[in-house]
Amino acid sequence: MVDVPELVAQAREGRPRAVARLISLVEGASPQLREVMAALAPLTGGAYVVGLTGSPGVGKSTSTSALVSAYRRAGRRVGVLAVDPSSPFSGGALLGDRVRMADHASDPGVYIRSMATRGHLGGLAWAAPQAIRVLDAAGCDVILVETVGVGQSEVEIASQADTSVVLLAPGMGDGIQAAKAGILEIGDVYVVNKADRDGADATARELGHMLGLGEARAPGDWRPPIVKTVAARGEGTDEVVEALEKHRAWMDEHGELTARRARRAAREVETIAVTALRERIADLRGDVRLEALAARVAAGALDPYAAADDLVAGVTGPEQAPRHGA
Ligand SMILES: Nc1nc2c(ncn2[C@@H]2O[C@H](COP(=O)(O)OP(=O)(O)O)[C@@H](O)[C@H]2O)c(=O)[nH]1
Ligand SMILES: [Mg+2]
């Protein structure tokens, strides 16, 4: 058993090993997770969470590293969470990230962690927000969350952020991909990276078009900026930071930060509750078992609504204690 209060106190002091232990407890869905989360709750809310998403190879890790440098120059403590649903823990992609992050490895003001799904219930959508809580409670001023933008779960993870940065690069057919993945709806700030390559202006223009940036907006609406960068040389990074600060100020002014965090918390609670319900449904015994009900529905002996009622009653009602036999 882990001494949770002691571990949390050490994490508060910024001790990397304590932070690492806490995140491991999250990833491993430790039985002590409840205790950890209860201890962290009053310590969270201070960090500004920035999500970076985009196709593999677009320059997310390079941009993240450049942003870390910029925030460090400003004296901020930075947490980095590299989330890769496809890659196992020691996978090649993350190895590359580790090399890229090596500049920051010896800096006590930077905490870097990679996460992969490892197939536990609820996956990353469930684990990422809790890892963010750990970094938040550990005193990070800014948390950068890098996710691979390939599907719905990544869009979900991006929505865990206060501000979402969507990265594109010229010549990757990104415009079309972006529209497909729905990331055109989630970007608060757009970055066209690899601006040292041909076609960056065209990509930025096409993106502006797709975002309808030329169209009129209601006063006070946020107009996502498009920033061109050469992350590999740190060019444009200050402009990205500026865009992030502007978005943060806009959110503060319009109550959007509070609203987003409340929506995020709602999803988080719902995910935990639904996961718990699924487990309880799987634990049901006897004739309220899902399989038993399903067999009767398939045979036409029961309608699906009545079956669902039985299932819900089984989980919430007085008969929730396991009944053995059938
Ligand atoms: N030409 C050019 N290459 C870049 C730039 N930024 C990153 N790269 C390169 O693009 C490749 C992928 O970058 P990486 O940050 O790992 O992308 P990620 O998969 O989105 O995290 C690496 O070889 C980087 O060195 C840039 O601004 N210009
Ligand atoms: Mg990367």
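The secondary structure of the chain comprises 13 helices and 7 strands, where helices (H or I, at least four residues) and strands (E, at least two) are DSSP runs numbered from the N terminus. The model is predicted, so that local features need pLDDT of at least 70 and side-chain atom pairs count only at pLDDT 80 or more, whereas totals for chains, interfaces and linings use all residues. Residues are numbered from 1 along each chain as its sequence is written, while chains are lettered from A and ligands numbered from 1 in the order in which they are written.

Of the 326 residues in the chain, 38% are buried, a residue being buried if 20 or more other C-beta atoms, placed from the backbone, lie within 10 Å of its own.

Helix α12 (residues 290–298) packs with helix α13 (residues 304–316) at an angle of about 165°, their axes lying 10 Å apart; axes are lines fitted to C-alpha atoms over the stretch in contact, and angles run from 0 to 180 degrees between N-to-C directions. The two helices are therefore roughly antiparallel, the term applied to angles over 145 degrees. Leu290, Leu293, Arg296 and Val297 of α12 make the contact with Pro304, Ala307, Asp310 and Leu311 of α13, contact requiring C-beta atoms, placed from the backbone, within 7 Å.

Around ligand 1 there are 16 residues, of which Gly59, Lys60, Ser61, Thr62 and Ala232 come nearest, with a residue counted as near if its C-beta atom, placed from the backbone, lies within 6 Å. Helix α4 (residues 60–73) gives the most to this shell, with 3 residues.

Note on methods:
Buried ≥ 20, exposed ≤ 12 C-beta atoms within 10 Å, placed from the backbone. Parallel < 35°, antiparallel > 145°, perpendicular 65-115°, else oblique. Contact = placed C-beta atoms within 7 Å.
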